[in-house]
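Here is a short report for a reader new to this structure. Start with the sequence and the model, then read on.

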Protein chains: 2
Amino acid sequence: MDQLKIFTPATIANVSCGFDVLGLALDTVGDEMTIKKVAKKGVTITKIIGQNLPLETHKNVAGVAALALLAEIDCEFGFEIEINKCIKPGSGIGSSAASSAGAVWAMNELLGKPFGVTDLVRFAMEGERLATGVAHADNVAPALFGGFTLVRSYEPLDVISINTPSELYASVIHPQIEVKTADAREILKTNVSLKDAIKQWGNVGGLISGLYTEDYDLIGRSLEDYIIEPIRSILIPAFDAVKQKSIAAGALGCGISGSGPSIFALSKGEATAVKVAEAMKKVYENVGIDYDIHVSKVNNQGIKILN
Amino acid sequence: MDQLKIFTPATIANVSCGFDVLGLALDTVGDEMTIKKVAKKGVTITKIIGQNLPLETHKNVAGVAALALLAEIDCEFGFEIEINKCIKPGSGIGSSAASSAGAVWAMNELLGKPFGVTDLVRFAMEGERLATGVAHADNVAPALFGGFTLVRSYEPLDVISINTPSELYASVIHPQIEVKTADAREILKTNVSLKDAIKQWGNVGGLISGLYTEDYDLIGRSLEDYIIEPIRSILIPAFDAVKQKSIAAGALGCGISGSGPSIFALSKGEATAVKVAEAMKKVYENVGIDYDIHVSKVNNQGIKILN
């Protein structure tokens, strides 16, 4: 096997109460990548379709992640990477993570799987460091593991794959405005009240429990964020209306995807997720903001081979 | 059935990362109570063996909890309660919660179970309000549900019963010093750093995941408290030594039970829990502080009928 064509998924990080620790993978939203073994050592980004992104290996998130992997193995050959970017950068659904994770996952396959998934997370995090200044794992982890993931700790890196109920669907709307991750981080407070923190970890516990017991009501009750959403939602026009309409249309819960501006809702079953997406669309149509909309099952598999 | 003799368990609240939300029930440490249906309406505390506690219904935690239950049902008869207190008040293993929970659980049985377990938690919380000034649920919930419980939310009250691995044992040492719950609360900070709060909810997520997947290593890795323990452990002599020796003896993790002064450790299997208890004992023997020591399976059943 000398080349692989893969689907690498968009991801929702934070997931309401799980700021900086939880993430989930989408099933029908993502990039396609082709990774080839070539005689020339090192990593070459040969082509990027769909977005104007740097081809220089050191300036490209997939390139940087790929180099992080190669730094830990003796490799007598090199890799060429072609990316068909369907996820818009800056949308808040893990565009950079999809590229970073996809590159290292495919390389690991082509190398005969010398690395475990947590190693791949570690390499892909270097792409995130280039993209956002912070080597966070909450998007690359679900892209690589599939389903829901928990980044329990960074030092040492400890990523846990969480059971994901089979009828869980996401509706995601991306209003065409720009929220930079760095800006979204800057407005956060350094300190939070212990009272709110307790409510938040109560909800993290409830959400994880609901995922294992496939208790959709409990998942819904737990999808509350007392700490980040009240601050960041100010950056997203009509956030409150989208949330309210989503819940009214049957969503279990609704929150900011990553650092925004995309908004996600989780629902039980595809039919409800489609209704929720319709309700979300109407809000932005009423206020006259363009949007992309996605409905997707939560992807239990992560990255998939296409050829 | 006109009377019930029950075992009502001691409990460990907080459980390291789960401050104010997590709790677990012990299996061989607890009180015995006898609850009788009698013609005279209301609640009478007839006898308390083992401790000098008030017999006046309104001043006794079991009495107050019992009255909270009776306030929600038309009852043509009354109840007499006798308590054989084996759990020392102020030890940090849910002494008041055992009495409150035991009273309402037995009354509900004698009444033909008109109330669900979450209702019983609500009534028993009134006993906690009398004991500590705060109607907390993190001890009464595990006493009533058994195993591990999560108090996800107070408004509305939402208590989740969490899967509890069968080989989980607790070693608990109670140094004979006094730490008042009110004092232990007062020294806590109102605000915490977002950074520490994120680590804490990562650990709550990891612990809940570990309990469902019966991954003892993950349970151990998650039993870290970045927020409360560094402050409260100052009130408990030789806490750091007890923790260090417990881990060295094979414990998965070790922390403050409730608001202390008891210290708990969790282990996989009884043999390790016994070794851990021996290591804990030695620390207090070396510093010359008297102690009580318990080794108990985590109790999956909660309150048990003895007659």
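## Terms and model

Two strands pair if DSSP finds at least two bridges between them. Helices (H or I, at least four residues) and strands (E, at least two) are DSSP runs, numbered from the N terminus.

This is a predicted model: local features need pLDDT of at least 70, side-chain atom pairs count only at pLDDT 80 or more, and totals for chains, interfaces and linings use all residues. Residues are numbered from 1 along each chain as its sequence is written, chains are lettered from A and ligands numbered from 1 in the order in which they are written, and side-chain values use heavy atoms, with hydrogens and water left out.

## The sheet of chain B

Four strands of chain B form an open sheet. Their order is β9-β10-β7-β11, and the pairing is antiparallel. β9 (253-256) and β11 (291-297) of chain B stand at the edges. Each has a single partner strand, so one side of each lacks a neighbour in the sheet.

Strands β7 (residues 168-175) and β10 (residues 263-268) of chain B pair over six bridges, in the antiparallel sense. In β10(B), B:Ser267 stands opposite B:Tyr169.

## Two chains
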